[in-house]
Amino acid sequence: MKKLYGVCSLLVSCMIMITGCTGMQSASPPAGSEHAVESDLPPLPPQTNEKIKLRLWVSEEGWDEHIEAYERLHPQIEIVLTRNRTEEHKEKMLDALANRRAPDLMVISKDDLGEFTAISGLADLRQSPFQAETYMKDVPPALWQTTQSFDKQRMFAFPLATSPLVTYYRADILAQFGFPTEPEELARYMEITDNWLKMAKTLAEHGYYINDRPDTPFFLYQSTTGVFDDQLRFTGGGHFFSAYYLSRKLKQGGLDPKLHEQVEEEPPEEYLLRSGSMAMIYRGANEYERIRNMTPKTAGKWRVTRLPFDLNGWAGSSSISVSQYSSYKVYAWDFIQFMMKRQLAPGQVPAYLPVRKEVELAGSSNLFFGGQQVETLFVRLANQMKEFALTPLDTKVQKSLNDGIKHMMMKNADAATAITDIISQIRRETEYDRQILLDERRLLEGSKPTMR
Amino acid sequence: MVIHNDRSRLMVSALGWAILTILFIGSAEWKVPFIFGASLTLAGVFGYTIAGIYGWRGMLPTVAVFLAVDSIMGEITLLDAMRTIEYLCISFLLPFRNIHSVVWALFFWLIASGPLYAYTLSQGEAVTSLPHHAYMPILMLASNGITGALIADILLTLRVWAGKKGAAIHRNKTVSIGSILFLLITLAVVGPFLFVMMIDGLSMERDVENRAYQMAASQTGHIVEYLKKQEGKEMRGLLLHSMLEQGKLREFLKTSNFEELMEITVTGPYDDVIASTVTHYPHDAYASWRKGGNVTEIEEGFYRWLPDNRRYTFDMMRWREGFFVYEQKVRDRPFTVIAKVPIQRYQEQISKDFANRFLFMILFCLLSLGLSALIIRIIMKYLSKLAELTTNLPDKLANHETLEWKPSPVKEFMSLSQNFRMMAERVAEMFAKLEGTNQELNEKTQMLQQSEERLNQLAFYDTLTGLPNRHAFTSHLQEKLAELKRDEKLAIMFLDLDRFKQVNDTLGHESGDLLLQEASKRIQAVIPDIPGAMAARLGGDEFVIVLPIRKETEASAVATRVISALTSSIMLDRQEVYVGTSIGISLAPDNGCDLTDILKKADMAMYAAKSMGGAVYRFYSEGPAEHAAESMMLETYMRKALEREEFLLYYQPIVDQDGCMKAMEALIRWKHPEKGFITPDKFIPLAEKTGFVLPLGEWILRTACLQHKKWQDEGHPPMPVSVNISMRQFYDSNFLEMVRRILKETGLDPSWLVMEITEGFTANDPDQALAIVAALNAMGIKLSIDDFGTGYSSLNRLKKLPIHSLKIDRSFVSEVDKDHSNASIVQAIIHMAHALELLTVAEGIETQEELQFLRALNCDRMQGYLFSKPISAEEMTEFLARTREDRRG
């Protein structure tokens, strides 16, 4: 019997290997390999003498290289790129969609996704001429869900990349005060909240901080789950107590970084990093370039590890949408397919799993992080991470939640009172909207609209 | 002509069919709206009319055309199919049993259309309907069909009434007044019923529209205000169909839509649905609400939308799917508010009300019609009895049948019955009178026929001999002469019996008549076998035979046979006599074709034959014998004329110098029946020569004396009357005797009689003349010398004669004022006469100048046309009466 199992296991392993090799050869070419990408794309419609101009709106850097690569492959297509400021990008897109003047393609970040889940104007990528569902198995389900409409009837964007929330720390400072410096060791140390508080207290006594704002625990906990569940019920519960407890401790212990020397024009984050007082900071994997740029003198001292309290947080994502009113949907979809097979930028974990695997296997060392293979870490963390669905109410609730926490912190309210009040407040504010949204979704599910 | 008429009739029939078919299809396709899809169609009227007039042969092509048009315009619906079957069936059934279309239509609806439609409604569109919706369409369709049949029946009845050929149902070509009355009453009830229902329906529809408009306008006003408040992200959310903003708007729409009477939708700038109270509509379809139906703008921004009619079997079901739409754009916002008010919501209530009214009205109509039918039945029953009683009334009355005039409680019928009864009685009386009159008339008619036959006999046949008379002969000869052909001849044989006068004079008139009868038989016996021959008696012993011949020998043969027949002895009252006959023959056209002329020539030939000794025949020819015959004929004529009283006396006044009538002269005239007046100079000389002057003179004298005595007896002033006496008469030995006898017979005083005699009367035997004159003078008769101056009078003798006056000859008087010679003679005569104490009379005065001259010569009496032409006795009587009146005056 054992012999039989052994033979079967061998056969299955061989099949997996063969399949994996084949997949890697065809679907996982090295990032930037134009040849491999070109051979993998479906044929475009016959070329015409007139040049196709695809308008693309983004808010992030790093698109030029990809566009050039694509245009080399498709000389008849010109990608007209517009880069909006991050804080204006969402509003511009919404205005353009309302006026039906939106570009053919738009890149939506994780923070804006909720605003697009319950509006019209974006093409359903599961419908022809798009074929998004053919890639469904190659995208992590949780990430796939982030681009589904609120009523689950449409796929309004295709995920290109995701970013786990990670802990950036100064190994040199931790080592100075006897705390673990190895990433995994430190992560395991910080799984215990008291250790993390102890470390905060110890470092704070010496002018170093591991939290850049008082509600950092809230921030960490919130990165692991959405504000609302599928029925728009407020998800804040047990972990909110922990977060409030830790935040209150930080506040009571005076463990917050002091910003008395902050220059008005300079963002607090940048100030703290530049001042060298930040021993630990929690940001998305895609932000490591920004951290490096802000603290170039500390190269080689930084390390990256997972979040404290054994949390797997989701920091951000990039998804691309096609305007419902685009005249070049076929070309737009071709461009999306081109982009899904490329890594957008360092630290961005590709949504398309074959490429993600490729990045992980590449295992390149990063000197800024002391030769640490951060990309591999990011992929690993991304694989463990569970992205969550965003709702139209998230933006509105997030602000109320932050204000409520600040208010309770100022009042120094006990956790039970604070959380109860906050939840009650949020429910009051959102109950009507929630009912409306749920009713609408029920109506739509009943009428099964074909377009929205 | 017959073919032409048939062709024209066929063309008119085809044209009528075509017009009716067009009207039928037009009415079926385009209906008169009633309310919410209920409609009135006149298709039934034309369909049943076609079925009634043309039968199934006319109906078949009509429905074929109808179905073809229907399939071209859309599709053939259940209604169209059923309608086709209905008309075809009824067009087949109509000729049987003389049942009206309306009855067949009702029957068809009860057994076929009604159940089928009810089944269709229960299975199809109206499955969720209220009960009213189940029967309202059927009710309306049935009303349309049955009403159409009813109107068609009325038209067909009126058509027959107008004298057109009967339709399939009216084979007998007659219409009872009961049918007409019932149909007209039905029309009078159903017509207003339909009209009232239509007006009522339209009014209700208008009311519903107003209510819908008011409600929609009011409620959409709130929504418009809500949308005006939307700005910034909220407005953008709406444009982006944000579920949140859209849901909020939908919630507001729901709260604004009281009682959920409407479907409210807000659309965006691209006709996209922003929000709607309806969830089961596809949003894009809802936005373009105009699609898939017909839109009618009722007021600005207010419409009525109905789905395409071809999708529905019943139009009312189509209306159930329709709605009113109120559309309002939001100022300064890219939104439009559309409020749909389903007609169904109103239709249910309105249809319920309308159906109730409809049923009530139908029951009322049926009650009215039932009552009308009952009344008409009563009236018609009485009228039918009356008609039955008065059928063949004249025959019944003539056969003296007893008629039972039943009384009626209805005043008018009672009056009508009485009138008929009285009329019948009167007619019966008249019949009785008529029968008597008829009998009398028959008798008179019979008598009249007999009289007619007798008159005919008298007019055309001689009563004595039975032969055709002169009139019949003249007509026959005239006819034969006119028909005479080129190679034909006509012989006219004139017969005169020889010695007839002697027989008549010696044996008497009766024997003469027997002789004539026997002679007639023998003449008749000669010619019976000769076609076209005719024997006639002209009068006296004159007979004539008309004989168609080809040769003269044929006439000769007949003449010989006639002579032979009459030559043999004739037994008259046991006495044997021999007469014989002379025959003169003239031939037409040889001797002419004039009837008078040819007869005269036959007559002349007869005289010529007679002059040859009698018992011979002679053809007419020009010669001395004919001249002699003419004189002889004239003498004969004169004699006959005296018998036939053809002679007349005319009187010419003789006046004195003052123009007063002092005497008159009697002058003879001969009025021949064929030749007219014959002047005395034509026949007097012959009369003197033949001696006829004696009887003629006697007749003149007697007639003049009689007339003169009559005038005197009548009271006219007596005056002398002159009568001319011929020499032969004067010297006749019986003259004086004759004069005395006449004077005695007439009773005339001889002193008033003047005898005029020509001056030569004394030449032959002066002594005898003197003796006669003396005798006359002794009787008191005056003597006047006539035509004095033309003869050779012996003055010596004149002096001795007791004459009374001299009458100067007209040859001297003529132009005496101009002719000196005549004047001298006249003057001399007058002087001489005066010297002898004789009265002078000038005759022939014609001019005023002659009168003046004679007056100057002192002529005593004057006579001539200047004063008066000779006038008849009747005219003279009038003249004398007038003269007497003038004198009295």
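Reply: Happy to; here is how the terms apply to this model. It is a predicted model, where local features need pLDDT of at least 70 and side-chain atom pairs count only at pLDDT 80 or more, while totals for chains, interfaces and linings use all residues. Residues are numbered from 1 along each chain as its sequence is written, chains are lettered from A and ligands numbered from 1 in the order in which they are written, and side-chain values use heavy atoms, with hydrogens and water left out.

Me: How many residues of chain A and chain B are in contact?

Reply: On chain A there are 24 residues in contact with 16 residues of chain B, where contact means heavy atoms within 4.5 Å. The buried area there is about 1900 Å², and carbon and sulfur atoms give 60% of that. Buried area is the accessible area (1.4 Å probe) that two parts lose on being put together, summed over both.

Me: What makes D95(A) and R236(B) a salt bridge?

Reply: The rule asks for a side-chain nitrogen of Lys or Arg within 4 Å of a carboxyl oxygen of Asp or Glu. In D95(A) and R236(B) the closest N and O atoms are 2.7 Å apart, so the pair meets the cut-off. The rule finds six salt bridges across the interface of chain A and chain B. Two elements of chain A, α4 (86–98) and α18 (415–447), each give two or more residues to the side that touches chain B; helices here are DSSP runs (H or I, at least four residues), strands are runs of E (at least two), and both are numbered from the N terminus. The largest share, 10 residues, comes from α18(A).

Me: Why is the pair W196(A) and F309(A) called edge-to-face?

Reply: Rings of Phe, Tyr and Trp (its six-membered ring) pair if their centres lie within 6.5 Å; planes under 30 degrees apart count as stacked, over 60 as edge-to-face and the rest as tilted. W196(A) and F309(A) are 5.2 Å centre to centre with 70° between the planes, so they count as edge-to-face. W196(A) sits in helix α9 (residues 193–205) of chain A and F309(A) in the loop between β6 (302–305) and β7 (313–322), 113 residues apart. Both W196(A) and F309(A) are buried, a label for under 20% relative accessible area, with exposed being over 50% and partly exposed in between (1.4 Å probe, protein chains only).

Me: And what makes W305(B) and F323(B) stacked?

Reply: Their centres are 4.7 Å apart and their planes 10° apart, so the pair falls in the stacked class. W305(B) belongs to strand β6 (residues 302–307) of chain B and F323(B) to strand β7 (residues 323–329), so the pair ties together parts 18 residues apart in sequence. W305(B) and F323(B) are both buried. Over all chains, the structure holds 41 aromatic pairs.

Me: How do you know that E843(B) and R810(B) form a salt bridge?

Reply: The closest N and O atoms of E843(B) and R810(B) are 3.9 Å apart, so the pair is inside the limit. It links strand β23 (residues 839–843) of chain B, which holds E843(B), with helix α26 (residues 810–813), which holds R810(B), 33 residues apart.

Me: Is E843(B) buried or exposed?

Reply: E843(B) has a relative accessible area of 4%, so it counts as buried.

Me: What about the salt bridges of R85(A)?

Reply: R85(A) meets E87(A) at 2.4 Å, N to O, and E88(A) at 3.6 Å, N to O. E87(A) has 52% relative accessibility, so it counts as exposed. E88(A) has 30%, so it is partly exposed.

Me: Where is R499(B), and what is its phi?

Reply: R499(B) lies in the loop between β9 (489–497) and α15 (500–507) of chain B. Its phi is near 60°, a positive value in a residue other than glycine. The relative accessible area of R499(B) is 44%, so it is called partly exposed.
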